[in-house]
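Here is a short briefing for a first look at the model.

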Amino acid sequence: MKLCQLLNRIAFAFLYLNILFFSTLVLGNNTINEELKEIAKKLRCMTCQNQTIYDSDADFSKDIKKIILQKLLKNQNEKEIIDFLVNRYGEYIVFEPQMNNRNIFLWLFPFIVCSLSFAYLYFRIKKNQSN
Amino acid sequence: MISLIGFSSLFLSLVSNLVVIITFKFSKTLTINKVFYSALYSGTFFIVLSFLSLVWAFISSDFSNFTVFQNSHSSKPLLYKITGTWGNHEGSMLLWLMIMCFCNMFFSFNKILEINLKKLTIFFQSLLFILFCLFVITTSNPFLVNSLNVNEGLGLNPILQDPALAIHPPVLYIGYIGYSLVLSLAIAGLILDKIDLLWIKATKTWALFCWSMLTGGIALGSYWAYYELGWGGWWFWDPVENLSLMPWIAGLALVHSLTIVHQEQLLKQWVVFLSILCFSLSIIGTFLIRSGILTSVHSFATDPSRGIFILILFLVITGFSFIIFILKSKESSGRLNLLFINKTSALIINNIVMLIACFTVLLGTIYPIIIEVLTDKRISVGAPYYNSVVLPILLPGFLLMSIAPALSWQTNKLNKAKYFFYTLVFVSIFSLFITYLTNFYIWGFIGTTLGLWIIAASLLSIFNNYKASNKISLHNNALFAHIGIGIVILGITFSSVFQIESNHSIKINETINIGKYSLKLNKIEIVEKSNYQELIGNFNLYKQGKLLSSIKPGQRYYHVPKTITTEAGIYHNWLQDFYLIINKQKENIWSIKMYQNPLVSFIWIGALFMIISGIIGMIKK
Amino acid sequence: MRKAILFLPLVIVITIGIFLSIFLLQGKDPNKPPSALLNKSLPNFKISNIYDGSQSISNQNLEKKFILINFFASWCAPCKAEHPLFFNLKKQYPNLFLLGVNYKDKRNNAIKFLNQDGDPYDYVGVDNEGSLGLEFGVFGLPETFLVNSEGKIIYKHLGPLTKKIISDEIVPIIK
C-alpha cells in the first residue's frame, strides 16, 4: 500500500472517529467549584512570585477566590468576572493575554509562521517530486 | 583565608585562559603548543580549586565570606551546606565557569578531529570562559569579604534544603552550559571551513550529551515543583522553566538535524545555525532570570549591573557568532530529496515544528517586556497562552514521530505500512473506549491516542528491525527515545485529564472511604524545628483493607519571615500518586483535599527513557 | 533570497537586544505593576469615619478637590515608616486633601496608632472588608493615589513613600 494511500486512510479514520466521538459527547456542566478552579488558574496572585490564584496560599489569593465565588453565585460568567478584576488590577492579573490589538501579534504570529513554513515545504516537495 | 585561595585560583584560571588565547596564534611550534595545552589544563585545575574553596567555605560555615553569610547557616545539615554552594547567584556562576572549563578540557581529549579545528574550538571556548569570568569577578564575586562581624548566617530557607532542588542545578547546568562548546565548535568549523563528517560526529556527541543532561535537569526541576509547589502541578510555564525548555527544544532539533546531515551531507548551514542557537538561548535565558526583569518563582537577588553585563555578553557573543555565520557559511551543493513523505521531509517537519514551538516560548516569555516598552502597560503571559499555542503546534510533530523512524530516505514507501495502520485504528478505538468509560474529555482522547500510538508504532518498528536483522541493535535508540516521549504524553494526559480531586472532612481515628481506597487519620503531631513549627497529619491509606502507606501532609509556620506553607503528603505508586493536603479544623473535624494523579510517574519514567536513549546515542558507533 | 535569510537571526538578536536594553535602562520594578486606574475617574464609594461611625464620606464630597488617598493599616510596618512624611506634605500644600483609608484593620488598633503617631489626614475612612481597596486595585500596603480636581486618578505609588519620591514624583504633580 503506497504511503499516500495510507495517510489518506489515516485521515479518514480520524475523521470518522472524531464524528463518532463528538456525536456521543456529553456536554458537561461544570460545578461552581470547577468553574472557580478554572478561573483561579487563569489569574495571577499579585503578592506572590509568579503563582496563580489557584496555586497560592496567600491572603490576597484567598480574598480573590472569595470574590470569584460570590460572583459565580450571582450567576456572572467567566468573562464578566475577569473583566471586573482587570479593570481594577490591570491586564497583569490575567495570565491569558486578552484578545486586543496589542496581543493579536502574540496569538497569531506562531500560527502564521507555521502555515507559511508548511506551505513553503509543500511547494518544495512538489517541485522535487516533479523533477 | 579560604576566600583568598578561592579568589586567587579564580584569577589564575582567568590568567591561564588568557595564556591559551595568546599562545594559540603561535602554537604551531612544539613548545608553544605545550604551553597552549598546559594553560588549558591549569585553567581547569584552578577553577576547580576555586570552586572547592567555596564549597569548603560553606562546609566550614566561614561567615567572613559574604556569599556564605548570605546563603548558609551553621545548623544546616552537611549535605545542604555543600549544595548551598550553588544555590545562590555567585556560587552558581562559579559552577558555570567550572563546567565551561571541564567541557573545554574533555573536548581537548578528542583524538579524531583535525588539529587546527580542535585548537580553534579550544580558543573560542577559552574566550567564552574569559568573558564570563570577567562577569563573575566584576559583578558576582563569590569571595567578597563580609564587612560585618557575625557569628551566624542568614541562609536558612528550608525550601532550598531539598534533595531534588540540590542536585537539579548541576545536572541542568552541565547541559545548559555544555552547549557553549557546541557553539565554539560551530564557529571554529565555520572559520576554518571544516564542517565535515568529523565535525558532525563531534558535534553529535556533544549535542546528545548536553541534551540528555538538560532532560535530566528539567525533569528534576519538574519533579521538585510537583511535590513542593502548588497542588501537584509540575509545569507552570514559569519564565525559568521556559528558559530551560528553549535550549532543550533547540537541542532536540539539533540532534535530529544531525542525522540528516550525517546521512545526506546537506543542510549543514541549518545544523550550524542550530549549534549557535542553543547556547544563544542559554545566554539570553540567563540574562532574563539574573537581571530580575521577569517575575519568576526562581528569581535571584537582582542587580542592574549584572543585567547590563549579561546583556552585553549576549549581544557580543550571539552577534559575533551570527555575523560569522553570515560571512562564512557555505551553501551545500546537491539537492534535498524531499518526498511526501520520506525521512528527510519528516525531519524537516520536525525542525519546523520544534523551532516554531521554541520561538513561541521565547516570544511569550519576552512579550510582556516588549509591550511594556511600547505601551507602558503590563500584561502577563502564562499557562493559558502556552497551552493553547505551543501544544497544537507540536501536534503534527507528535503524530509524525511514530512512523518517522521507519520511513525511508529515498522513497516515500513505508515498509509494512498496513501494520502501522491497523495499530493506529486499534489504538484510537482503545482510547475512545477508555475516555468513554471515564470522563469523556477531548484532551483525554487525544493524549491517550497520541501516547499509545507513538509507543505502539515505535515498538512495531523495533519488531520490524528485529525481524530484518535478527537482533535488537543499539540503532533502535531513537525509537527508545520516542517511546519515552509517548510515555511522558500518557503521563501528562492521565495525570491532568483523569485526575480525581476530592474534599473530605475527617476526625482523629476516623476512617473515610474514597472510591476503593480508605483513609484513616491516626493523629495530629506538632513538630518543632529550628526555623519553623509544623503541624503534621499522620494518615494511613488502605486499599480494600490492606495498608498501602502512611501519608503525612502538614502545615508549616515559619518564624522568620512569618509565613505559612502547606506541605503536601504524597504516596508515590507506579500507577497513581496520592497527593494529600491538610487544611483547617473546625471543632476537631479536619478538612482535607485529596488528589489522585494517575500515571504521574510516567512523566519521570519517560524522561529517564529519553536520557538513556541520548547516552546510548553518544556511545554507539 | 538565500543570503537575506542568513541575516534573519542577527536581525532578531539585535531587535530583542534593543527591547531588553530599553526595558533594563528604564529601571522598572517587576514587583510594582503600573496601575490600571491611571487616567480613569475616581470610583464611586462611601466609607464611614473611623472616629465616628455615623459620619461618612463619598466621592461626591470630594469633587473639585485635589486628593491624596493613602491606604494604610496599624499592622503594616512600612506604613508607620512613611507616616511622618504626611505632616510635612500637608503643611506645604494645605489645599491638598489627605484621605486616609484604614484597610483591613481593627478600628481600635487604628485609632491607637493614629493617637500615638499623630493624624495628618483630613479624613480617615474605614475599609475593614477591603471593598474600597478592591475598587482601587490595592493588593499590598501602603498604597498612595493622587486624584486631580477633575476627579481623575493621575498617580499611584506602591509601597512606602520617601522624601525623595515625594519631591521627585508627587510635588511636580501637585504643582
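Strands E6(B) and E7(B), residues 563-567 of chain B, run antiparallel and are joined by 5 bridges. This is a predicted model: local features need pLDDT of at least 70, side-chain atom pairs count only at pLDDT 80 or more, and totals for chains, interfaces and linings use all residues. Residues are numbered from 1 along each chain as its sequence is written, while chains are lettered from A and ligands numbered from 1 in the order in which they are written.

**Strand pairs in chain B**

- Strands (E, at least two residues) and helices (H or I, at least four) are DSSP runs, numbered from the N terminus.
- Two strands pair if DSSP finds at least two bridges between them.
- Tyr557(B) stands opposite Ile564(B) in E7(B).
- E6(B), residues 554-558, also pairs with strand E4(B), residues 532-543, in the antiparallel sense over 5 bridges.
- Here Leu535(B) stands opposite Gln555(B) in E6(B).

**The open sheet of chain B**

- An open sheet of 4 strands has the order E1-E10-E9-E8, with antiparallel pairing.
- Its edge strands are E1 (500-506) and E8 (569-571), and each pairs on one side only.
- The twist averages 20° from one strand to the next.
- E8(B) pairs with E9(B), residues 576-586, over 3 bridges in the antiparallel sense.
- Ile570(B) has Tyr579(B) in E9(B) as its bridge partner.

**Helix against helix across the chains**

- The axes of H5(A), residues 104-130, and H12(B), residues 343-375, come within 10 Å and cross at roughly 165°. Axes are lines fitted to C-alpha atoms, for helices over the stretch in contact, and angles run from 0 to 180 degrees between N-to-C directions.
- That makes H5(A) roughly antiparallel to H12(B) (the term covers angles over 145 degrees).
- Residues in contact have C-beta atoms, placed from the backbone, within 7 Å.
- Among the residues that meet are Phe109(A), Val113(A) and Leu121(A) from H5(A), and Ile352(B), Leu363(B) and Tyr367(B) from H12(B).
- The residues of this contact of H5(A) with H12(B) divide into 14 nonpolar, 4 polar and no charged. Ala, Val, Leu, Ile, Met, Phe, Trp, Tyr, Cys and Pro count as nonpolar, Asp, Glu, Lys and Arg as charged, and the others, Gly among them, as polar.

**The whole contact of the chains**

- Chain B gives 51 residues to the contact and chain A gives 39.
- H12(B) gives the most to the side of chain B that touches chain A, with 11 residues.
- That side of chain B has 30 nonpolar, 16 polar and 5 charged residues.

Conventions. Parallel < 35°, antiparallel > 145°, perpendicular 65-115°, else oblique. Contact = placed C-beta atoms within 7 Å.
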